[in-house]
Amino acid sequence: MIEELLTAAALAGGAAVLYVASAARVIKQYERGVVLRFGRLRGNVRGPGFAMVIPIVDRLHKVNMQIVTMPVPAQDGITRDNVTVRVDAVIYFKVVDAAEAMIRVEDYRFAVSQMAQTSLRSIVGKSDLDDLLSNREKLNEGLELMMDSPAVEWGVTIDRVEIKDVSLPETMKRSMARQAEADRERRARVINADAELQASKKLAQAAEVMSEQPAALQLRLLQTVVAVAAEKNSTLVLPFPVELLRFLERATPQQPTHPAGPTPAEPGQDKPLLEEHVPAEPEKEAGSSFG
């Protein structure tokens, strides 16, 4: 009798252990458990930790609540300005309602992936090439709003969408390179023209100052000569400007001029001697003598 009781107790203990082993579940911290009893959703979503379910009757589905990083395959599209591009992106999303993500959609990861591809092609067709290249933040916000509306019904929220790369045809790359080169050349010419304008204004002011002071022009000429003379491998030809002659002429004191004629004698000096007159030869008598 005792042996039968011990055997029954052992069988009962084994059955209990087997039941606990088959009914026990461990849910991780980043997961939530959705229990379906005979295919019907149980009201409470199981939190992280140890959980018990009824074997055969209940089925526990674990849903990951972490942020999922999903690359969006590259999509070919035509922009609004008729340029063929190839765009790929990356999407960050997470499940906020485990029961809705489990019940509303068959596979929420596949659904989000397909929706991201469709939205990416749609946003490319509505945008210009310049927006794709330089205004990506606005396009990312548009993609996020476009995907977030249907995803909310699935218990999924879109955390972030980023366009990674925009591939262009080789012909378009060469055209953009020529455009960038022409734009840089235009800016270089504008900068040179602006520099010439500023220099001409300064030279005009310098010319006004030099016109008031002629000596400044000579000093400037000497400075230029000194600068050129520093190069010992060159021959210096120094012009002799007329302005220098005029400057020297104005700098030399003027001597008083007198009218032609004898110079008046200064006081205390003898009078000048009279000019000597040479007597003329006597004229020969006209006619001849008769003997």
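In which crossing does α3 pass α5? α3 passes α5 in a right-handed crossing (right-handed if the near helix is turned clockwise from the far one by less than a right angle, left-handed if anticlockwise).

This is a predicted model: local features need pLDDT of at least 70, side-chain atom pairs count only at pLDDT 80 or more, and totals for chains, interfaces and linings use all residues. Residues are numbered from 1 along each chain as its sequence is written, and side-chain values use heavy atoms, without hydrogens and water.

**View A. An open sheet has the strand order β6-β7-β8.** Its three strands pair antiparallel (a pair needs at least two DSSP bridges; strands are DSSP runs of E, at least two residues, and helices of H or I, at least four, numbered from the N terminus). β6 (68–78) and β8 (156–167) are at the edges with a single partner strand each, so one side of each lacks a neighbour in the sheet.

**View B. β6 meets β7 (residues 84–95).** Nine bridges join these antiparallel strands. V72 stands opposite A89 in β7.

**View C. Two helices lie across strands of the sheet.** Helix α3 (residues 108–125) lies across β6, β7 and β8, at about 35° to β6. Helix α5 (residues 136–153) lies across β7 and β8, at about 140° to β8. Angles run from 0 to 180 degrees between N-to-C directions, with axes fitted to C-alpha atoms, for helices over the stretch in contact.

**View D. α3 packs with α5.** Their angle is about 140° and their axes are 10 Å apart. In α3, V112 and L120 are among the residues that meet α5, whose partners include L139 and M146 (contact means heavy atoms within 4.5 Å).
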